[in-house]
Amino acid sequence: MMRPGASGTLIWALLGMGAAAVAARATYTTDLSAFLPRSPSATQRLLVEQLRSGPAARLIMVAIEGGEPQTRATLSADLARRLRADPRFAAVNNGDAAGLDHDREFLFRNRYLLSATVTPQRFTVAGLHAAIEDAVATLGSPEGMLIRPLFASDPTGETLGVLEALAQGRAPPTSAGVWASPDGRRALLIVQTRAAGSDTDGQEEACGAVRRAFSEAREGLAAATTRGVRMRMSGPPVFAVASRAAIRSEVVRLSSLGAGLIALLLLAAYRSLPALLLGMLPVASGALAGVAAVALGYGSVHGITLGFGVTLIGEAVDYSIYLFIQRTVLWQLWVWPTIRLGVLTSICGFAALLLSSFPGLAQLGLYSIAGLEAAALVTRFVLPAWLPADFAIADLTRLGVRATGLLGKLAAVRFYILLLPALAAVYLYGHRDSLWNHALSALSPISAASQAYDTQLRADAGAPDARYMVVVSGADRELVLEACERVSHKLARLTASGVIGGFDSPTSYLPSLASQHARLQSLPPPAELNARLSAALVGLPARRAALKPFEHEVEAARAAPLLTPASLAGTSFETPLAALLMKSGSGWAALVPLRAAGPQDIAEADAARVRAALGDEPSARVHLIDLVGEADRLYAGYLREAQHLALAGFAAIVLLLGIALRSPARVARVVAPLALAVITVGALLVALGHQLTILHVVGMLLIVAIGSNYALFFDRNRENPQHASVPLTLASLLIANLATVTAFGVLASSKVPVLADLGSTVAPGALLALLFSALLAYTPAPSASVPPTPE
Amino acid sequence: MRALALCLAMAPGAPSATAQAAPVASTTPAAAQPVLDELMRLLAARRHGHVRFTEVQVLGVLKRPLLSSGELSYDAPDWLEKRTLNPRPETLVLSGGVLTIRHGEHTRTLTLAQYPQVAPWVESIRATLAGDRSALERYFHLEFSGSLPHWSLVLVPVERAPGETIAAIHITGEGAAMRTFEIRQTDGDHSLLTIGPEITP
């Protein structure tokens, strides 16, 4: 004959094995994409795509700090030399001369394809005369020293023209021969990995290679000179690697810390090892069910979901606490229904997260729903059958009585305590304009300090994030490049009139085939050039015979192949071109970042002028986008969504309570303390200098979802006082609450902001929810009524 | 700035490489050594200078010489400005190890350490003005002749960095005042800078 509950155990064992199999075969991801929103508009999709996997996602900025400038320069040169020899890196730039070999060669060889001044007019007798006259004047000046070697082969100065068009003040300043920050305190290198931005393993290897190369370079110098010299890296690959490492170590740290602390708490409360182990059974079952559900529902489990999972420990353990502490013969009748309703309200709260656009939050929702469900069912149908006949835990009546006494004292001043939420509401109202954090970066697992350092390095490198960018998109590369050239003409006029400070166009590196072809057509055939050059030199001091190399090179250029993206391989122009010109969806897109004329961002009015000047292109789409504005809109959308989801979750909980309790007054008594807790926590966070993010909003929803359990027990005691032991209820709630506060408190200590935000909201919120529920439900017990102890 | 940097290094067949030759013994006759030392002390004692100059450049690619003139100013030990006024205004400033060239709206800067082929051009005049014999000897053999009132110093590159085209530099002077500065290049191009009287403020 089967023991009672054996069928439950059997089903549990079968499901558990199934879940374990699913969890074992699941893929676990740790990239940042869980907190990059699924992108709505085409422009935003392009941006997010670029952010995730574009060439910019492959750039590592390296800074060498400390020590003498010469030491830093030597290390920079040595590091660059080592990395250039490493196949893991596509490009290494540090401003040293060695890095420019390919560039020089490339620009000089292709000057007639790249120079915008190569027109038919330039190669007429008058055009040649004017160009050469100008070059001769330069020869006599200090600059002449620089162009003298080029004059015989390039007397019209095309190379210099191309260089000036490309330069436009983009490169960082140099110190001791290598790129350095403007304050001269750090040497800078920009390294592009060959591994894609989404390939975190590849990026991790590349980061490790940079570190090793640096320590080797450092060991090559005397220890005395390298004292205090250190290398720091920043950029998307570094962030990807760091956040993966942070998430990995956080998941392990938070889970073990949370589980350890809760185990200690329960051991202290129960004074029984079997009770502790049995209490963990629903938790372990819940965690397994959660992982399996996420793996089945989303295909892969994000590391951060496991991080959130520590909160499940805090909540799922509550059920067994209620079982053990409030264990009476009528447990199934008087305790279980309250737990069941509590589970259902929690599920309502978490279900709202399923609709979130952030895959991380949606996963958290599913994980928690499945986990709580499993934990509650195991507590109800499996655990009771497992309890040994002599199962006993320490009698917590005394704790309960003491808590009741404390509650009585608090209740005496409850007016003042309940003033707290009122003050909080006033405070929140006063700060209503600055409550919300509108920066998407607030969700990034990268610390604010690291983000600030990144911004600093970008500014040092002369490559600050552009706020405005023209996006040209079209069906194929040539259509896009041609449109881009017309856009560049318009932008050049705006630059000349001071509306903008300048711009970077991919066509500076790669003109359209049509333009290249037209430029070659401008070059006269040899006999014609010979005649025109002779005529052009009349009245100029240049010697006719000295310009033979020029004639040969023009002739060679006429027969040379046109440039394609592949032609730029190995030059330092490969990186910017790839960043500015890319395949996008079924077509191509070019980005043209704009620079402000002054130190300030481009003003709205000037942006409007740019937009008006750009007009329409027949064969391509041209947009001016405001990256800051776009990111703001994106984030505002998600914040709104989170607020809506939280309200929807709240409404669902109220509805559920209405159906279950069938009394508006009871619903109000359950919901009121939760609302007060949310308001107080909101004010607390703002007063501590936090700006509220999406995760805080989600945390508030969880306060309601979790806190409703406490409120429901007080409601039950109030409705059925004859069946409840007030001290034991209070003791069980206190311990359950401490477990929850511990779990979320551990989360609050996380270095990953999404986890910390959630933890720092729910930990104090759960505590306050219990306090307010107890205070609002408090009725002074008649002194004679000694509560019955169980069994 | 990058434009200039690229351009400088673009001399045909001019990959950059560092020419760091160890200081070598001067080829100045032993008897002249004390005079050379005295000259260097004299030059080093001069803290400021502001003079007019004229320059004649003879280039193989041109049929006739190019003439220019302007002002030179110097502040010991490493600030030098060459301000060309004719035929086209242009300023070249050497400050610390950084060379800045300005004409019209263009400004270009470059760091000498990065361009070993350019350094001798600039160091020859700066180190002479500063009486910095060891800096001169880092790049050149020194051949001194004459006497303090009428001296002549020939600088011959110790070792030519790839792309560096100086064959020899011939400097003459009277006491602490430099009079002519002539650069001859390996391809036959040469230039003569004649230093005029001190401009009194």
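Visitor: At about what angle does helix H20 of chain A run to E7(A)?

Guide: This is a predicted model, in which local features need pLDDT of at least 70, side-chain atom pairs count only at pLDDT 80 or more, and totals for chains, interfaces and linings use all residues. Residues are numbered from 1 along each chain as its sequence is written, while chains are lettered from A and ligands numbered from 1 in written order. Helices (H or I, at least four residues) and strands (E, at least two) are DSSP runs numbered from the N terminus, and angles (0 to 180 degrees) compare N-to-C directions of axes fitted to C-alpha atoms, for helices over the stretch in contact (C-beta atoms, placed from the backbone, within 7 Å). H20 (residues 448-460) lies across E2, E6 and E7 of chain A, and its angle to E7(A) is about 95°.

Visitor: Which strands of chain A stand at the edges of the sheet?

Guide: The open sheet runs E3-E6-E2-E7 (chain A) with antiparallel pairing; strands pair if DSSP finds at least two bridges between them. Two strands have a single partner each, so one side of each lacks a neighbour in the sheet. They are E3 (89-93) and E7 (230-234) of chain A.

Visitor: How is H19(A) set against H28(A): roughly parallel, roughly perpendicular or oblique?

Guide: Helices H19 (residues 419-430) and H28 (residues 664-687) of chain A pack at about 55°, their axes 8 Å apart. Under 35 degrees would be roughly parallel, over 145 roughly antiparallel and 65 to 115 roughly perpendicular, with the rest oblique. That makes H19(A) to H28(A) oblique.

Methods. Contact = placed C-beta atoms within 7 Å.
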